[in-house]
Amino acid sequence: MDHLEILEGEAIHILREVAGQFRNPALMFSGGKDSTVLIHLMVKAFYPSPPPFPVLHIDTGHNFPEALTFRDDLARQYGLKLIVKEVEHTISKRGLQDATGKFPSRNALQSHTLMDAIKELGLDACIGGGRRDEEKARAKERNFSVRDASGAWKPYNQRPELWDIYNGRIQQGGNVRVFPISNWSELDVWRYIQREKIGLPSLYFSHERECIRHNGRLVAVSEYILIDGSDVLETKNVRYRTVGDMTCTAAVESNAFTVEEVIAEIENTNISERGQTRMDDQLSEAAMEDRKLKGYF
Amino acid sequence: MDILRFITAGNVDDGKSTLIGRLLYDTGNIKTDVLQTITGEDTINLAHITDGLRAERQQGITIDVAYKYFTTADRKFIISDAPGHFQYTKNLVTGASGADVMILLVDAVTGITAQTKRHALVASFLRKKQIVVAINKIDAVGYSQAIYTSVCDTFSNIAAHLSLPGITYIPISALLGDNVINLSTNTPWYRGASLLQYLELCPPDQPINNIFRFIVQYVTKGNGIQYCAGKVVAGFVCAGDTVVIYPDGCTAVVRMIMNGFQDTDIAHAGQSVCLYIECTQAISRGSTISESNIIPQVNNTMDVNVCWLDEEPLVPGKEYYLQMNSCNTICCINEIISKTSVDTLENLPGGVTLEMNEFARIKIKTKDSLAFDSFQHIPPTGRGIIIDMETYYTSGAFVIL
């Protein structure tokens, strides 16, 4: 077996453990490449039976329109049950302070919507596309990450996880975050997309876009960010390396129109995936750890 | 490209994180923006690359396993960077369980310590087949062959005592790079491979290929066929084979094998597939499907080696959950037969309890009969975990004798 077959087998094994161990799991979908790969793996893991889990999208309201169109097409194509929960709704219901500033990212607010959704839908497992090589706090995650009713990650007393035996038992109100593609790198994901011919939102390939430059990063002009007189609007050929909230995801200049060309660019880049594109990770040296402690993936 | 998983274990300050930093850096696997975060005024602090948690960075220690990744031309490497402190041995066991190779770091200045022996004990408990003793800071002892040889001799005695096979000794300097990527001219007396050369050539753990075992994870039904989604953990199975479903022992026929969206004639160890099975009895999650020649044991008692992972000590007679792969039951520990001292590695009487990070041989009685093999014989069907019924914590890991 080559490395992609091994990684695929590991992910399918984990997804089947989720189906066997939990009453009410959901697969978290963001519109990005990692969760798109997860959906493909789920369909493959249970074929010829239909996929047993619904797909949950926490909608920040700051999405790329291309990601939303892609999401709806994908759900139709695979016959997925799609559940959408809106951060906007959580903000008004809970009377939360909306994000402010030049780039008002709802990334941290998402955790509230997620926790409300887990409670409302009675979810006992949430499957996510987090990968350990993305970020240093994620590098410490188990494949089955047990969370209590508050959703908080307890990195200093994680459950031992031996071999490929997964203990998904949880207390009332708790849930498990499951990471089937923990061991995949960015290139593994792209090579798998290439091998399995998995479709992606058009954002992932070179296109023209009007951007501003902020701290060296290219941010798309949209109604969600504040453009002022000091900003210089430029039209560039770009693609996205990660897809999150429009307010905190930056584009990279690119002329890669195909999966093969994207792979070639990634092989030659000297900057990490999140380092190049995620403004939310740059807030402090422990930004991801802090979000995870509050229930984030 | 294949995958090799290895773990690094060592004392605090043995240079474990520096070694991982060195491997990642010298193979060009640290991106410039990440490099910036570990670069001080004029030097790169390679050790900081693996400290993922705020408390780890503040205290300068490793608390839990961090997973790091790098690739060379033909291989993807998965590193478990495990903690060295005794109190975090349970996390070391987590990281070591899935590793093909275990690298034990020994500081050339201080030599073999009590902690080295404990790490060797973990390797022995998990029956690791490929162990590297990396004698680090060889630069700090003037690249002395005598010191290298003395560490090798001391460790060989420990290895013999624990019956550890396949030990490779490599003198290195993680800080300066000697024998990490390339062979160093500072150690002309060393005739072996560099650490990376070793890691690029050694084989990943091979599954048992001549005895068939399949673990059922998830079953659905249709048209008189049971679709058993699961994993071939040993051997292979062909469409048309007659197999036996355990623990019931009923015979069945494999009508078809699906690997993803495609049907296939044969499935090998390591593959997650779906078997279409015709069987008069219902097959359920946790069943083991076996060939009919060499069959598993079916019993409700087993003698095992255990490592205790829970702050709550093991209580003989108390009920626990027991999980082997996808199979669950209730068990109790009838007897602690003997313990292994984590300081001297000597066998001790079993006593009445087992504390966290202790190793023992115990007798387990399960509520239901289970199908299993000895860990030495077929590892995937010879291991399991013990779970606390109140906290649901994974309290113990065991391998069947």
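This is a predicted model: local features need pLDDT of at least 70, side-chain atom pairs count only at pLDDT 80 or more; totals for chains, interfaces and linings use all residues.
**View 1. The buried residues of helix H4 in chain B.** Helix H4 of chain B spans residues 89–97 and is mostly covered, with nine of its nine residues buried. Helices here are DSSP runs of H or I with at least four residues and strands are E runs of at least two, numbered from the N terminus.

Residues are numbered from 1 along each chain as its sequence is written, chains are lettered from A and ligands numbered from 1 in the order in which they are written, and side-chain values use heavy atoms, leaving out hydrogens and water.

**View 2. The largest nonpolar core.** A nonpolar core is a set of buried Ala, Val, Leu, Ile, Met, Phe, Trp, Tyr and Cys residues joined through side-chain atoms within 4.5 Å. The largest one holds 74 residues, and B:Phe6, B:Val101, B:Ile103, B:Ile135, B:Phe155 and B:Leu199 touch the most other members. Helix H6 of chain B (residues 145–162) gives the most to this core, seven residues.

**View 3. Around B:Phe155.** Leaving aside residues up to four places away in sequence, B:Phe155 touches (heavy atoms within 4.5 Å) B:Leu104, B:Ile112, B:Thr116, B:Ala120, B:Val133, B:Leu164, B:Ile167 and B:Tyr169.

**View 4. Where chain A meets chain B.** Here 63 residues of chain A are in contact with 69 residues of chain B. About 5600 Å² is buried between chain A and chain B, 54% of it from carbon and sulfur atoms; buried area is the accessible area (1.4 Å probe) that two parts lose on being put together, summed over both.

**View 5. A salt bridge between the chains.** The side chains of B:Arg383 and A:Asp164 meet in a salt bridge at 3.5 Å, N to O. The count between chain A and chain B is five salt bridges, each a side-chain nitrogen of Lys or Arg within 4 Å of a carboxyl oxygen of Asp or Glu.

Methods
Buried means under 20% relative accessible area, exposed over 50%, partly exposed in between (1.4 Å probe, protein chains only).
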